[in-house]
Amino acid sequence: MSWKTKLNDTKTQLKSLNAAIPDTTAAFGALGKTVKKDAALTFKEKEYVALGIAVATRCEPCILFHTEALVRLGATREEVSDVLATCIQMGGGPGLMYAGKALDVFDELAA
């Protein structure tokens with residue numbers, strides 16, 4: 001299965017979850033809106049942090065969403081790779097494996 005297919009499948013699952021618990025998902029969405037505003041860090045910088053956390057926590061759907069956001073925000077492969085190098089340094093072997101997944105996602109979504 002391609003990363004784009006996995007991303008679309010995850011979005012479909014979230015639509016179903018949104019319908020089942022709209023108040024909870026709306027509250028989570030509101031939190032996200034406050035964080036996405038540029039402040040001391042830009043939204044793009046915050047997405048780099050989020051990608052790093054996604055890799056560190058081994059959350060494949062999170063990797064998909066934050067990588068998609070970084071592609072939309074104009075991140076380069078070199079910038080994403082630099083974030084992933086930090087993930088490897090902080091996460092050791094598991095960080096290395098999930099960093100590989102994240103770079104593969106970036107390559108497919110940026111193509």
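1. Leaving aside neighbours within four places in sequence, Thr10 touches Pro61, Leu64 and Phe65. Bear in mind while reading that this is a predicted model. Thr10 sits in helix α1 and is buried, at 12% relative accessible area. As for its side chain, that reaches the backbone oxygen of Lys6 at 2.9 Å.

2. On to the core. The largest nonpolar core has 20 residues, and the members touching the most others are Leu51, Val55, Ile63, Val80, Leu84, Ala102 and Val105. Four helices each put in at least two residues: α1 (3-20), α3 (43-56), α4 (60-72) and α5 (77-110). Of these, α5 gives the most, with 10 residues.

3. Ile63 deserves a look of its own. Once neighbours within four places in sequence are set aside, its contacts are Leu51, Ala54, Val55, Tyr98, Ala102 and Val105.

4. Now the cysteines. There is one disulfide in the structure, and it links Cys59 to Cys62 with an S to S distance of 2.3 Å. The torsion about that S-S bond is about 60°, so the disulfide is right-handed. Both ends are partly exposed: Cys59 has a relative accessible area of 21% and Cys62 one of 28%.

5. What about Cys87, and how far away is the nearest cysteine sulfur? Cys87 is in no disulfide, and the nearest cysteine sulfur, which belongs to Cys62, is 13 Å away. Cys87 is buried, with a relative accessible area of 9%.

How values were computed
Residues numbered from 1 in each chain as written. Predicted model: local features only at pLDDT ≥ 70, side-chain atom pairs only at ≥ 80, totals over all residues. Heavy atoms only, no water. Core = buried A, V, L, I, M, F, W, Y, C linked by side-chain atoms within 4.5 Å. Buried < 20%, exposed > 50% of the residue type's maximum accessible area, 1.4 Å probe, protein only. Contact = heavy atoms within 4.5 Å. Polar contact = N/O pair within 3.5 Å; in protein donor to acceptor, adjacent residues only side chain to side chain. Disulfide = S-S within 2.5 Å.
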